[in-house]
Amino acid sequence: MKKRYSQAILANRIIYGAIEYARKLGFEPQKDFRLSQFTLDESSDANLSYDVKFGKDGKPLYIAGPNDNVDYVIKQLSKNVGDGNFHYLLSVEL
């Protein structure tokens, strides 16, 4: 049972940590999170034997999705962390 409990705490930490990280970058969760958040326990500060880190090499990492507003995301990142202070991957149409 202990392993299952720690996995739930880890999932909680990843989700709420990602939301907190994104807010620092100027982004909010999708509207759907207002409903889906009730499937999670509240944010937890329980001790885990490891830290959850976000980004890549100490910088935010954006991987563009097919329905993303890429210009908006890049603009927000530039505004909040500065040009050159984040990584990104954009899709290429062939």
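Colleague: How many helices and strands does the secondary structure of the protein chain come to?
Modeller: This is a predicted model, where local features need pLDDT of at least 70, side-chain atom pairs count only at pLDDT 80 or more, and totals for chains, interfaces and linings use all residues. Residues are numbered from 1 along each chain as its sequence is written, and side-chain values use heavy atoms, with hydrogens and water left out. Helices (H or I, at least four residues) and strands (E, at least two) are DSSP runs, numbered from the N terminus. From that end the elements run α-α-β-α-β, and the tally is 3 helices and 2 strands.

Colleague: Happy with that! Which residues make up the largest nonpolar core?
Modeller: Buried means under 20% relative accessible area, exposed over 50%, and partly exposed in between (1.4 Å probe, protein chains only). Of the 94 residues of the protein chain, 19% count as buried. A nonpolar core is a set of buried Ala, Val, Leu, Ile, Met, Phe, Trp, Tyr and Cys residues joined through side-chain atoms within 4.5 Å. Here the largest one has 7 residues in all: L25, F27, Y62, A64, V73, L77 and F86.

Colleague: Which residues does L77 touch, not counting residues up to four places away in sequence?
Modeller: L77 belongs to the largest nonpolar core, and contact means heavy atoms within 4.5 Å. With sequence neighbours up to four places away set aside, the partners of L77 are L25, F27, P60, Y62, G82 and F86.

Colleague: Which element gives the most to the lining of the largest pocket?
Modeller: A pocket is an open set of points on a 1 Å grid over the protein atoms alone, where a 1.4 Å probe fits, with protein on both sides within 12 Å along at least five of seven lines; lining residues have an atom within 4 Å of a point. The lining has 19 residues, with A18, A22, F27, E28 and Y62 nearest the centre. α1 (2-24), β1 (61-63) and α3 (70-81) each supply at least two of the lining residues. The top contributor, with 4 residues, is α1.

Colleague: Is D57 buried or exposed?
Modeller: D57 sits in the loop between α2 (33-36) and β1. Its phi is near 55°, a positive value in a residue other than glycine. With a relative accessible area of 63%, D57 is exposed.

Colleague: And which residues does D68 touch, leaving out those up to four places away in sequence?
Modeller: D68 lies in the loop between β1 and α3. At 36% relative accessibility, D68 counts as partly exposed. Its partners are Y62 and I63.
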